[in-house]
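Hi everyone, thanks for making time this morning. Please have a look at the structure on the screen while I talk you through a few of its packing details.

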Amino acid sequence: MTTLTPPAQADGAAAMTRGGLLAILARKRDQLVVLVVLIAIWQGLSMLLGNYWTGTPWGTFERLAEGIAEGELLRHASYTVAEAIIGFLVGGIPAAVLPFLLRRLPMVTAIIDPVMVGGYGAPKLALAPLFILWFGIGIESKIALIVFTVFFVVYFSTLGGIRALDPKLVQMAQMAGASESTIARHIIFPGAVPHIFAGLRIAMPYSIGGAVVAELISANRGLGYMIQLRSMNFDTTGVFVALAAVCFVVFIANWTVNSLEHRLLRWRPPADVTAQKE
Amino acid sequence: MTELLEVRNLSKRFATRAGREPSPWIIRDLSFSVADGEFLTIVGPSGGGKTTLLNMIAQIDTASGGEIIFQSKQAPLNDKKSLKPGLNCQIGYVTQEDNLLPWRTCLENVLFPLMAQGRLTEETRERAQSLIRAVGLAGWETHYPHELSGGMRKRTSLIRTLVYDPPVILMDEPFGALDAQTRAQLQEDLLRLWNLGRKTIVFVTHDITEAIALADRTLVLTRQPSKVAGEHVITIPRPRDMRDVVTQPEFIDIYRRIRAQVQ
């Protein structure tokens with residue numbers, strides 16, 4: 001029989017890195033162009049309408065640098081980030097675990113389904129006043145709102161992941177003598193990981209957004225509080241500074257989830273067709 | 001040779017849905033037996049319940065009647081709960097699809113049954129390696145399934161079953177989706193590996209040439225409901241060369257007889 005020769009791995013990898021690097025650089029360049037265009041539009045608007053409505057890019061940048069230097073921005077941001085991380089974990093971890101526990105109990109899953117759908121669909125913003133009533137205006141009410149938001153998103157995507165698993169893989173494992181726990185650990189779990197990540201990816205900006213919204217309603221610290229206070233003082237530039245900080249936090253959070261996902265899901269074929277074309 | 005596996009009056013129809021005509025029999029009163037170390041092939045028309053038959057022998061589907069006797073013991077067949085997929089690793093099953101785990105590399109897929117059975121030792125690892133070499137997958141061990149060609153995935157799935165050495169191996173058109181060249185190579189690999197261990201193999205296919213070329217004995221099934229239409233002992237001497245087995249004088253004769261029975 002003919003022998004199958006694997007591709008010369010080292011060469012292949014090097015070539016791919018070189019090509020990949022060029023593609024990444026090209027993408028970064030294009031992303032920069034988009035950013036510059038947006039800032040130009042912003043500048044144009046501020047010249048057209050006056051500083052009062054939109055602030056100016058340069059003025060915002062100056063205030064941003066000032067805020068960072070004084071430590072004020074970091075203090076508020078760290079408060080918001082702490083809320084987001086705690087809420088994300090407290091909501092996300094049980095949501096990712098629960099469907100695995102319910103896997104063997106389809107009856108229970110069916111019984112709690114309407115509750116879950118209701119929780120998923122409930123307008124979270126409308127719940128914020130209730131949480132403030134119950135948990136006060138401290139960090140607890142913000143965490144409660146984030147937990148409530150994150151939980152259902154992650155629950156449904158994990159559940160979907162478990163249901164999407166090919167039953168033939170489970171059958172194969174049973175034939176090969178795998179126990180229930182081996183199947184759970186080596187078939188069901190790895191199969192659901194991409195779906196769990198899809199849920200986490202959606203939930204991550206929600207948790208930061210949820211923290212900011214909760215702070216807008218009632219707080220004495222955090223980026224949302226900053227936005228609220230500054231808008232009451234007609235400090236448009238100040239609001240933009242706080243918004244820029246929120247965007248930056250979301251950006252970092254997204255990057256973290258992406259790199260974690262990339263590390264854990266190395267086995268996946270490149271699914272992004274547009275990425276391959278580059 | 002002693003009978004290792006016996007199928008007696010096996011019947012199967014799927015559950016009837018409320019308000020519908022009773023579903024038809026897929027398999028009706030099917031009986032045959034397989035001897036220890038025998039290579040049995042089963043040919044029949046597509047949609048003739050061949051996969052259903054293997055699923056019942058593999059203990060992943062229930063029967064509506066009849067019995068399956070393995071090593072003189074009756075296998076549970078009546079309800080889903082009492083089924084024992086693979087009968088405690090006694091029956092291996094190479095399915096039509098390769099069913100490789102996409103998150104495991106080629107080698108990790110091959111080692112999966114050994115890991116699941118708690119039999120990962122220096123010795124069994126060495127066995128896995130030698131099987132990988134035997135089917136020409138050396139150098140591909142660390143590749144994920146999506147990085148392998150269809151033929152390589154098939155080979156991986158084949159040796160994943162061979163590696164834990166079950167006494168009976170069921171194969172459901174394992175080479176159906178491959179090109180002719182790869183197919184011939186895999187058939188030769190299979191025969192070579194079979195010659196080393198002389199496992200009992202039940203190999204289902206709709207390709208008469210393949211059925212004759214591989215087998216000690218070939219069963220022909222009828223259209224639904226499936227029954228045995230004929231039985232042919234293949235006398236072509238081994239070892240056989242897959243590329244010129246069709247030129248053997250016996251081949252033409254057996255081919256004609258089987259062709260006449262397959263409707």
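Let's start with the largest nonpolar core, which has 77 residues. By nonpolar core I mean a set of buried Ala, Val, Leu, Ile, Met, Phe, Trp, Tyr and Cys residues joined through C-beta atoms within 7 Å. Buried means that 20 or more other C-beta atoms lie within 10 Å of a residue's own, with 12 or fewer counting as exposed, anything in between as partly exposed, and C-beta atoms placed from the backbone. The members that touch the most others are B:Leu40, B:Ile57, B:Ala58, B:Ile68, B:Leu170, B:Val202 and B:Phe203. Helix H2(B) gives this core its largest share, six residues. Domain 1 (1–14 + 23–90 + 167–263) and domain 2 (97–165) of chain B each provide at least three residues, with bounds from an automatic or database domain assignment.

A word on the model: it is predicted, so local features need pLDDT of at least 70 and side-chain atom pairs count only at pLDDT 80 or more, while totals for chains, interfaces and linings use all residues. Residues are numbered from 1 along each chain as its sequence is written, and chains are lettered from A and ligands numbered from 1 in the order in which they are written.

Now, what does B:Ile68 touch, leaving aside its neighbours within four places in sequence? The partners are B:Val7, B:Leu10, B:Met56, B:Ile57, B:Ala75 and B:Leu77, where contact means C-beta atoms, placed from the backbone, within 7 Å. Another core, apart from the largest one, has 44 residues, including A:Ile143 and A:Val246.

Next, where the chains meet: 26 residues come from chain B and 20 residues from chain A. On the chain B side, helices H2 (106–116) and H5 (180–197) each supply at least two residues.

Finally, two helix pairs in chain A. Helices here are DSSP runs (H or I, at least four residues), numbered from the N terminus. H3 (residues 57–70) and H4 pack at about 80°, with axes 4 Å apart; axes are lines fitted to C-alpha atoms over the stretch in contact, and angles run from 0 to 180 degrees between N-to-C directions. That makes H3(A) roughly perpendicular to H4(A), since 65 to 115 degrees counts as roughly perpendicular, under 35 as roughly parallel, over 145 as roughly antiparallel and the rest as oblique. A:Gly67, A:Ile68 and A:Glu70 of H3(A) meet A:Glu72, A:Leu73 and A:Leu74 of H4(A).

H4 (residues 72–102) also packs with H10 (residues 223–232), at about 125° with axes 7 Å apart, and this pair is therefore oblique.

Definitions and conventions
Contact = placed C-beta atoms within 7 Å.
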